[in-house]
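Subject: Structure handover

Hi,

Here is the structure I promised to pass on. Please open it and keep it beside this email as you read.

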Amino acid sequence: MIRILLVVALATIISCQKYKGSTMLTKKDYCSLNQIRNWNCDEEFATFLDANPHIQRCSTQFPIYSDRCSSFPTIAQPSRQPAPCNGNNCNHFETKLSVAASSPSVQSTDNDNLEVPQSSVRYDKKVMDFSLKLFQKAFPSDDTSNYIISPLMVQSLLSYLFDGASNATRLEMESVLQLNMNDLHDIERALTPHAEEGPITKNKLDTASQIFKSTTIELLPAFRESLKRNHVPLAEMDFTNPSLAAETINNWAREKTRQRILEVVDEKSIDPQTKLFLMNALYFNGTWMNKFPKTERGSFYVSGQPPQRSSVNMMFLTKELRNGNTRTDESANGMTWIELPYDGDRMSMILFLPNERFQLDQELRRFGVQDMHNILAEIDQDEPSKVKLQLPEFKAESTVSLVQPLKQLGIASMFGDSKPFDQLSTDNVKVSDVKQKSFLTVNPHGTVAASVTTATVIPLSITHTLEFKADQPFALIIMDKQKKLPLFFAKISQPLKLKQAKRT
């Protein structure tokens, strides 16, 4: 079981005219409206054209592309009048494309007939890219603690603030977080079980979001409407009463994580000047497709001279499992991985061990998005082989602040004093902290995981039998394979014993 809670404490979506009908655009238009950064523009536009061969360049003189080039006898020089636009950030349009008057079927002022396609980058690729980068920036470089994180929940929660951000902060959020409103809706649908996607399984997956708003701040109408569109509940809270505020926040966390995360804040940690307190929670309870038939006393080692040993309950399983290796050459680099599917084979846990003992940290830093795509492709090929698995039965908890990792990824202005959220309120506010509290248990029956994230605003396949013995620090990813969404990442250095294999 995994539970994760994310909390953000705090101090417009670009609403350009939407076009319907024929397509006429330039590369610059496409990248601007899809919020694609300059250094990715050429590649993304080429991908779009490859996927839409009916859209051609209409003139060798001017870079205009359309699916109706034949109806344009003459392409005129672009004029310098701005295109119609209703948003705050519509200055991406520097010119308005005009069509010669000799073409009666399309008039230069009839922009209602134009449609600018959306970016071809799927939300799952954006999530995977951000998830791996945040995990690599944030996990501790030691073997003294466990680390559990749901980057997806961080990415989603902070994206709710996009419409309230200043231009400078918005540019950073676009570049690093990458998600737009359509992506947020797609992710919400992906995390909601649907009967048509297959039989009901024994797994449970729940998500929830909440914003507590101080009675002393007035949100601007556009930002309030954005929260409504994203289905984020908004409730008033008196942060000058720390005891009541802490009790309300912790009760919400307990309810959404099925009593697995009992406390997110205490009375002393509540700042009376808090303006917004954003929260989301992710709860997963998965039942193994192949339960572990045997558990024995075993040993777990952490790097040292000599290696430090602790006693664990080691679970044993011999089964045909999908597995492989990230090694790309004859060196000892890389990691061995195996996949443990949950009931229904849509969700799975992917376990990682370094090929060279006690070298997990350096291998995790080498691990990239392409490695993850390769693993998912091998899993899709469905060519399992015999694996002898030994995995500790354990529980793990972690609480992390993600401010510094986010700054290292390129989001810094939201934590600064230069009015980073001037579209949120007339009050000057900033993000003071981004924290995530997580809980994970693994036992012979399955996995329970949860996370609560908060933000505060203040002013290579192996064909022989594989021996996979997790008696040293290891990593894991819990994936929704069908949606290609990574839900949880973890580095386990100290597998704490379970007093009781309690299932919820």
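Which residue does the side chain of Lys481 meet in a salt bridge? The partner is Asp345, with N and O 2.7 Å apart. A salt bridge here is a side-chain nitrogen of Lys or Arg within 4 Å of a carboxyl oxygen of Asp or Glu.

First, some ground rules. This is a predicted model, where local features need pLDDT of at least 70, side-chain atom pairs count only at pLDDT 80 or more, and totals for chains, interfaces and linings use all residues. Residues are numbered from 1 along each chain as its sequence is written, and side-chain values use heavy atoms, with hydrogens and water left out.

**Confidence**

pLDDT is the predictor's confidence in each residue, from 0 to 100. The protein chain has a mean pLDDT of 80. In it, 79% of the residues reach 70 or more. Two stretches need care. Residues 1-22 stay under 50. The model still gives them 189 contacts beyond four places in sequence. (Contact means heavy atoms within 4.5 Å.) Residues 72-117 are also below 50. That stretch has 100 contacts beyond near neighbours in sequence. Where pLDDT is low, the predicted coordinates should not be read in detail.

**Salt bridges**

The count comes to 21 salt bridges. Back to the opening pair. Lys481 is buried, at 9% relative accessibility. Asp345 is partly exposed, at 29%. The cut-offs: buried is under 20% relative accessible area, exposed is over 50%, and partly exposed is in between (1.4 Å probe, protein chains only). Bridges that share partners join Arg322, Glu339, Asp345, Asp382 and Lys481 into one network.

Arg346 forms a salt bridge with Asp480. Their closest N and O atoms are 2.7 Å apart. Asp480 is buried, with 0% relative accessibility.

Next, look at Asp163 and Arg229. Their side chains meet in a salt bridge, at 3.1 Å from N to O. This pair links distant parts of the chain, 66 residues apart. Asp163 sits in the loop between α4 (151-159) and α5 (167-176). Arg229 belongs to helix α7 (residues 221-229). Helices (H or I, at least four residues) and strands (E, at least two) are DSSP runs, numbered from the N terminus. Asp163 is buried, at 3%, whereas Arg229 is partly exposed, at 32%.

Most residues other than glycine have a negative phi, and most peptide bonds are trans. Asp345 is not a glycine, yet it has a positive phi of about 60°. Asp345 lies in the loop between β12 (335-341) and β13 (347-354). Lys419 is not a glycine either, and has a positive phi of about 50°. Find Lys419 in the loop between α11 (403-409) and β15 (430-443). Lys419 is partly exposed, at 48% relative accessibility.

**Nonpolar cores**

A nonpolar core is a set of buried Ala, Val, Leu, Ile, Met, Phe, Trp, Tyr and Cys residues joined through side-chain atoms within 4.5 Å. The largest has 106 residues. Leu351, Met372, Leu391, Leu402, Phe474 and Leu476 touch the most other members. Helix α3 (residues 123-138) gives the most to this core, with eight residues.

What does Leu476 contact, leaving aside its neighbours within four places in sequence? The list includes Met349, Leu351, Phe394, Leu440, Phe488 and Ile492.

A second, separate core has 20 residues. Among them are Met237, Ala253, Phe277 and Met279.

**Aromatic rings**

The structure holds nine aromatic pairs. Rings of Phe, Tyr and Trp (its six-membered ring) pair if their centres lie within 6.5 Å; planes under 30 degrees apart count as stacked, over 60 as edge-to-face and the rest as tilted. The ring centres of Phe135 and Phe139 are 5.4 Å apart, with the planes at 35°, so this pair is tilted. Phe135 and Phe489 have centres 5.3 Å apart and planes at 35°, so they are tilted too. Phe135 and Phe139 are both buried, and Phe489 is buried as well. Ring pairs link Phe135, Phe139, Tyr147 and Phe489 into a cluster.

Two charges also sit over rings. The rule: NZ of Lys or CZ of Arg is within 6 Å of the ring centre and within 35 degrees of the ring normal. Arg170 lies over the face of Phe162, at 5.2 Å from the ring centre. Lys294 lies over the face of Phe316, at 4.7 Å.

Best wishes
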